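Here is a short tour of a few local features, written for someone who likes to check angles and contacts. Have the viewer ready and follow along.

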Amino acid sequence: MSNPSTGFYSAGNKAVIVPQLSLLTQGAPRHVVDFVTLTRSLYITLLLSTCRDIHHGKGTSEIFAEDPNVLVFSLHRYGSGFYPGSGPANDVGIGRGKGRNINVAWCPPTVIDRRGRHVEVDAPPVSDGDYITAFHVLVLPVLSEFKPDLILVSAGFDAVDKDPLGYYRVHPECFAQLTALLVPLAPIGMLLEGGYNLCATAASVEACVRVLLGESPAPLPGSRVAGVTGWSSIMRTLLVQQQYWQSLGMLNFLQLATTTPADGEWEDDNQHDGEEVPEAQGEQEEEYELQEREFDEALEAAA
């Protein structure tokens, strides 16, 4: 496991919480799910830790890599130098913890050009339909099999539409719907994390809290259908994880596939014409890395 802290965190808050929960629930089953979905993390006792932040929950997945009682589920942007560059689909955990790290690493498919180089396909940004599909194809089947006692969610919102760092198109209504899908499964704890558009983050927080208070989530403003990046990323994870989860076996998946939309219902990629990710993204990623280095230097100076 890495020793120095990275990113914007000095301590893994969920990793601190889980052992305390274990002490409070001695004699009871300890199953936790950690969700790193809109790009950071989520936990449960059978703990599911889910990260919804757009960055991989690297520290959380490393801390629980060998723990069969903690399921860490992360949906995050991957590739093209995006920070922190960890969390590929084939990172499944270690030893008894194999299959307890599940990464949906959002990355466009690649093709081989004339020079033999792997080049990413120019695809629309990840949006509501990709997250909704990942939950129905991967998250919900695994949770029905894992049966967590508690779910801890790293509620990061930098995958939200208009975020200056993530450049994805997930709407607050989608975060609310994802929360509603988890509510029936186990008690939920949500820890506010990333999000760099204050208005969009505030709207996302409000949407999730309303669901936790018993309100129904609002309809999605966009498509519920996954795009090319979503499906290719989901299939990579499915192929890797099906050996660890009976619910992800190909027979079950083929049954699910019979309910997918007809060809004419798939999202039209042409609707994204003229909405390309700004060229300034590379400059902002460099600025992010600079901030992270400055943060590390400040920690060293304070030591």
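K162 counts as exposed, with 60% relative accessibility; exposed means over 50% relative accessible area, buried under 20% and partly exposed in between, with a 1.4 Å probe and protein chains only. This lysine is found in the loop between strand 8 and helix 4 (172-182). Helices (H or I, at least four residues) and strands (E, at least two) are DSSP runs, numbered from the N terminus.

A word on the basis: this is a predicted model, where local features need pLDDT of at least 70, side-chain atom pairs count only at pLDDT 80 or more, and totals for chains, interfaces and linings use all residues. Residues are numbered from 1 along each chain as its sequence is written, and side-chain values use heavy atoms, with hydrogens and water left out.

K162 also has a positive phi although it is not a glycine, and K147 has a positive phi too, again without being a glycine. K147 sits in the loop between helix 3 (128-146) and strand 8 (150-155).

| Residue | Phi | Relative accessibility |
|---|---|---|
| K147 | about 55° | 56% |
| K162 | near 80° | 60% |

Now to the rings. How many aromatic pairs does a search of the whole structure find? There are three, counting rings of Phe, Tyr and Trp (its six-membered ring) with centres within 6.5 Å; planes under 30 degrees apart are stacked, over 60 edge-to-face and the rest tilted. One of them joins F157 and F175 edge-to-face, at 4.8 Å centre to centre and 85° between the planes. F157 lies in the loop between strand 8 and helix 4 and F175 in helix 4, so the pair ties together parts 18 residues apart in sequence. Both F157 and F175 are buried.
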